[in-house]
Amino acid sequence: MPSNELLTRTDLVSFYAPRLDAMDTPALLLDGAGDVLYANGHARMLRRGGDDGTENESGEKSAGSAGDKGRAGTRGTEETGGNDASASASANGATPAHGWQHAEVPPVPESGTPVRESRTRITLPDGAGIRQISWTCVTVPVPGTDGERDGHEGTGADKNAGRDAERQATAGTSGGTDNITEDSAPAATGMPQAVYLAWGRLRTTEGGQEMGFTILPNGVIQAVSPALCAICGYTQDELVGRSAREFYFTSTARKRIVSQLIKRAEVENGEVTLRRKNGSPLTLWYTAESIRDAAGRMVAYSGYFQERPFAFSSKLASDFSRVVDALPGLAWVCGRDLRIVAVNDAYLAAYRRTRDEVMGSTEYDFLPPELARYPVEAALKVFEEKRELEHPAVPHLLDPAVWYRVIRRPIFDDNRQEVIGLLGIAQDISAKVVQENAFIEQLHTHQGDVVVVTDDQGRILRRSRQTLTPAIFGRQEPYDAYTLDMGPVLDLLHEGDLPAVRQALLRAMREHREQHFECRIRNLSGSYSTVHSRLVYNDTIYGEPRVYVVARDVSGEVGLRQAPMVLERLKEAAGARTDRELASFLNVSAASISNARKNGRIPPDWVIDAGLRTGKSIDWLVRGVGAGS
């Protein structure tokens with residue numbers, strides 16, 4: 001192109017339009033004021049504009065370059081009702097034909113700076129909310145012009161100052177479309193007349209037409225695309241305005257995703273399992289980023305989901321089909337997508353299903369939804385934590401009289417990096433559970449006793465149906481053994497009581513003798529209850545050491561056991577009205593009575609002597625409970 005040739009806008013658009021359309025990302029041709037001369041196909045699709053939005057010298061709309069006329073003109077007729085309508089809308093201050101508002105267009109480089117990196121926020125056309133675009137805008141000097149300059153064109157600094165002010169004003173009314181810029185160098189003067197090429201990178205698929213979402217920092221869903229609603233079985237009204245935590249299958253998944261976005265600002269190809277409206281699991285891959293304003297404040301989390309076929313199903317099936325057949329008890333293998341790929345005959349018999357009904361299905365496909373969530377949540381826990389999960393004793397979902405010990409072991413890829421599935425093994429322990437239940441009943445010496453079963457490491461294995469008030473674990477449900485995480489019993493105790501309790505556990509394990517102590521245990525209300533605990537060792541039922549903790553709430557007795565209350569009961573037993581009369585009955589000095597009350601400690605021989613001489617119960621004298629005689 002000769003350097004002395006004068007170029008019109010039409011010439012510029014005709015020259016650059018085919019090149020921009022050949023790009024696989026949104027691309028714009030901008031004039032000196034930052035107005036859009038041309039938007040390529042990806043940019044128009046993203047904003048659903050009718051055409052490129054260009055004007056010729058006479059102010060009429062242009063359909064683009066000759067090679068693009070047919071396509072752009074057709075799109076304008078189909079999507080915007082024709083070019084004349086678009087020109088009228090633009091003149092009235094409405095959205096221009098190409099769909100790009102000023103606040104969404106990247107700022108052009110300052111004078112003397114050839115390149116400018118920036119980010120702008122746009123609202124996606126599919127209802128999925130806002131998204132960020134990272135732009136690169138370069139200056140392209142133009143050898144000449146047609147001599148007709150727009151009245152508003154000036155230096156790059158002047159133009160951007162006006163446009164930046166407009167962005168700030170727009171940000172307050174358009175749901176957050178202010179840009180976040182990263183300027184390169186200070187402006188200079190003497191820049192020749194130029195146009196600007198801008199291309200952006202948008203974290204999206206198919207130009208924004210995907211299963212997109214936008215979630216506010218408080219966890220409320222701001223926007224969601226129809227495609228995501230359809231696959232989950234909801235309407236947009238059922239999702240927008242509700243907390244996103246309701247739709248994750250597990251709470252740990254939500255915490256993990258939010259933590260990643262806070263630390264890394266963006267996540268690519270993450271995996272999450274959502275809960276459909278019918279309760280079934282839906283495993284999707286997601287890409288998301290944290291959206292921030294110009295001050296760095298979090299505005300939203302935005303991104304999209306993708307549904308992909310699971311690549312390791314055939315590998316798992318070929319590797320484990322014979323393995324599960326050789327294993328005793330129930331055995332099965334499922335992939336990361338929760339679909340079963342290998343199963344033995346014992347599993348099919350236990351769940352009363354044929355192989356065709358189970359293979360390639362999830363538990364939700366052949367179990368009642370209210371029961372299927374237990375094995376699904378257990379599998380997701382293995383996938384998320386990448387470790388073996390054991391349930392020491394859980395009832396069979398279809399027959400609560402049958403009990404299993406279930407182990408789920410993660411299956412890793414060849415690099416031992418990612419979990420691609422799990423191997424499940426269930427052993428029938430029904431006879432042992434019946435035997436243990438009988439033993440637990442024998443340990444109940446008081447109506448309010450609660451029994452917790454631990455292994456030799458202090459991990460909780462089972463608990464009896466009774467519960468304390470306020471509850472420690474909550475009301476027991478028929479299948480809550482599936483949610484027992486085998487946490488250490490010591491985690492429930494007050495830190496001040498830990499040394500004594502540890503010593504009692506060690507003595508019970510070493511000496512195989514009962515241990516008695518009092519401790520404070522945290523309840524569901526967040527406070528602590530004082531309990532009397534009895535530790536009983538038994539290794540005969542399962543052939544492995546277990547400790548049975550028998551706990552009784554004595555919080556209400558603590559005040560009754562204070563020295564002043566014990567002295568009052570001693571007086572009542574002795575028929576004494578004053579401290580001097582009680583001292584005479586016990587054959588001690590009146591000062592001894594005063595010192596006992598002051599020090600908060602009653603000598604045991606006083607209680608024993610009073611009990612023997614009056615026939616009063618020692619339990620009543622000390623604790624104030626039970627009958628006085």
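The paragraphs below go through a predicted model, starting with its confidence and ending with its backbone angles.

Residues are numbered from 1 along each chain as its sequence is written. Because the model is predicted, local features need pLDDT of at least 70 and side-chain atom pairs count only at pLDDT 80 or more, while totals for chains, interfaces and linings use all residues; side-chain values use heavy atoms, with hydrogens and water left out.

The term pLDDT stands for the predictor's confidence in each residue, from 0 to 100. The protein chain has a mean pLDDT of 80, and 78% of its residues reach 70 or more. Helices (H or I, at least four residues) and strands (E, at least two) are DSSP runs, numbered from the N terminus. Among these elements, the lowest mean pLDDT, 29, belongs to helix α3 (residues 69-80), and the highest, 97, to α10. Over residues 145-159 pLDDT stays under 50, and the model has 29 contacts beyond four places in sequence for them; contact means heavy atoms within 4.5 Å. Residues 165-192 also stay under 50, with 62 such contacts. Where pLDDT is low, the predicted coordinates should not be read in detail.

Asn40 is placed in the loop between β2 (36-39) and α2 (41-47). Asn40 has a relative accessible area of 0% and is therefore buried. With neighbours within four places in sequence left aside, Asn40 is in contact with Leu20, Asp21, Met23, Thr25, Pro26 and Ala27.

The next topic is aromatic rings. A pair of aromatic rings is described by the distance of the centres and the angle of the planes. Rings of Phe, Tyr and Trp (its six-membered ring) pair if their centres lie within 6.5 Å; planes under 30 degrees apart count as stacked, over 60 as edge-to-face and the rest as tilted. By this rule there are 10 aromatic pairs. One of them joins Trp100 and Trp135 edge-to-face, at 5.7 Å centre to centre and with 75° between the planes. Trp100 lies in the loop between α4 (83-91) and β5 (115-123) and Trp135 in strand β6 (residues 130-141), so the pair ties together parts that are 35 residues apart in sequence. Both Trp100 and Trp135 are buried.

A tilted pair is formed by Trp332 and Tyr347, 5.3 Å centre to centre with 45° between the planes. This pair links distant parts of the chain, 15 residues apart: Trp332 is in strand β14 (residues 330-335) and Tyr347 in helix α10 (residues 345-351). Trp332 is buried at a relative accessible area of 5%, and Tyr347 is buried at 2%. Trp332 and Tyr347 form one aromatic cluster with Tyr351 and Phe366.

Charged side chains can meet rings as well. A charge sits over a ring if NZ of Lys or CZ of Arg is within 6 Å of the ring centre and within 35 degrees of the ring normal. The charged end of Arg19 sits over the ring of Phe15, 4.0 Å from its centre, and that of Lys616 over the ring of Trp620, 5.8 Å from its centre.

How many disulfides does a search of the whole structure find? The search finds 0 disulfides, a disulfide being a pair of cysteine sulfur atoms within 2.5 Å. For Cys232, the nearest cysteine sulfur is that of Cys229, 7.6 Å away. Cys232 is buried, at 7% relative accessible area.

Last come the backbone angles. Most residues other than glycine have a negative phi, and most peptide bonds are trans. Leu338 has a positive phi, near 75°, and is found in the loop between β14 and β15 (340-343). Leu338 counts as buried at 1% relative accessibility. Arg352 has a positive phi near 55° and lies in the loop between α10 and α11 (355-358). Arg352 is exposed, with a relative accessible area of 57%.

Note on methods. Buried < 20%, exposed > 50% of the residue type's maximum accessible area, 1.4 Å probe, protein only.
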